[in-house]
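Here's a quick briefing to read alongside the structure. Take a look at the picture first, then work through the points below.

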Amino acid sequence: DIVEEEEASVKDTIFNIISTIVTVDFFVVLGLLAWFLAGIFCSYVLKDDAVQIAFNMKFESVVQPALGLLMVGSVAGSFGNDDEDEEEY
């Protein structure tokens with residue numbers, strides 16, 4: 001019983017950490033989306049491509065990893081919720 005409780009505690013701790021990371025990453029991705037939309041606005045309305053070019057320069061090194069982390073974290077989080085979903089039914 002004690003071993004099962006410790007395993008459940010470790011599992012809960014891991015999924016809480018993953019959940020926190022995914023939550024923070026979600027807001028980072030929202031900020032990147034705002035940057036992208038600002039770039040589009042500046043490009044079409046202000047006729048200045050500087051913001052869009054800056055975003056494009058950081059896309060591969062910043063945006064793609066942030067999106068990948070969000071996707072992987074979401075999948076990992078769904079595995080953590082399987083036990084809770086089964087208990088509810």
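From the N terminus on, the elements of the protein run α-α-α, which comes to 3 helices and 0 strands. Helices (H or I, at least four residues) and strands (E, at least two) are DSSP runs, numbered from the N terminus. Keep in mind that this is a predicted model: local features need pLDDT of at least 70, side-chain atom pairs count only at pLDDT 80 or more, and totals for chains, interfaces and linings use all residues. Residues are numbered from 1 along each chain as its sequence is written, and side-chain values use heavy atoms, with hydrogens and water left out.

- The mean pLDDT (the predictor's confidence in each residue, from 0 to 100) of the protein is 85, and 83% of its residues reach 70 or more.
- Among the elements, helix 2 has the highest mean pLDDT, at 89, while helix 3 (residues 82–88) has the lowest, at 52.
- Where pLDDT is low, the predicted coordinates should not be read in detail.

**The overall picture**

- Of the 89 residues of the protein, 16% count as buried; that word means under 20% relative accessible area, with exposed meaning over 50% and partly exposed in between (1.4 Å probe, protein chains only).
- The protein exposes about 6900 Å², and carbon and sulfur atoms supply 65% of that area. Accessible areas come from the Shrake-Rupley method with a 1.4 Å probe, and for residues only the protein chains shown count as cover.
- Take the contacts (heavy atoms within 4.5 Å) with a separation of 6 or more: residues 24 or more positions apart account for 56% of them.

**The core**

- Which residues make up the largest nonpolar core? There are 7 of them: Val 22, Val 29, Leu 32, Phe 55, Val 63, Ala 66 and Leu 70.
- Helix 1 and helix 2 each supply at least two residues of this core, and the largest share, 4 residues, comes from helix 2.
- A nonpolar core here is a set of buried Ala, Val, Leu, Ile, Met, Phe, Trp, Tyr and Cys residues joined through side-chain atoms within 4.5 Å.
- Leu 32 touches Phe 55, Val 62, Val 63 and Ala 66, leaving aside residues up to four places away in sequence.

- Gly 39 is found in helix 1, and Gln 52 lies in helix 2.
- Is Gly 39 buried or exposed? Gly 39 counts as buried because its relative accessible area is 0%.
- Gln 52 is buried too, with a relative accessible area of 14%.
- The pair sits 13 residues apart along the chain, with C-alpha atoms separated by 4.1 Å.
- Not counting residues up to four places away in sequence, Gly 39 touches Val 51 and Gln 52, and Gln 52 touches Phe 36, Gly 39 and Ile 40.
- Ile 40 has its place in helix 1 and counts as partly exposed at 30% relative accessibility.
- Ile 40 and Val 51 are 11 residues apart in sequence and 8.1 Å apart in space, C-alpha to C-alpha.

**The loop between helix 1 and helix 2**

- Lys 47 lies in this loop and has a positive phi of about 55 degrees although it is not a glycine.
- Lys 47 counts as exposed because its relative accessibility is 66%.
- Asp 49 is in the loop between helix 1 and helix 2 as well, and is partly exposed at 39% relative accessible area.
- Asp 49 and Gly 39 are 10 residues apart in sequence and 7.0 Å apart in space, C-alpha to C-alpha.

- Phe 26, Phe 27, Leu 30, Leu 33, Phe 36 and Leu 37 make a nonpolar surface patch of about 560 Å².
- Patches are made of residues with over 30% relative accessible area and no salt bridge; like charges are joined within 9 Å, and nonpolar side chains (Val, Leu, Ile, Met, Phe, Trp, Tyr) within 5 Å. A salt bridge is a side-chain nitrogen of Lys or Arg within 4 Å of a carboxyl oxygen of Asp or Glu.
- Phe 36 lies in helix 1 (residues 2–44) and is partly exposed, with a relative accessible area of 31%.

**Further along helix 2**

- Ala 76 is found in helix 2 (residues 50–80).
- Ala 76 touches Phe 15 and Ile 18, again not counting residues up to four places away in sequence.
- Ala 76 and Val 22 are 54 residues apart in sequence and 9.8 Å apart in space, C-alpha to C-alpha.
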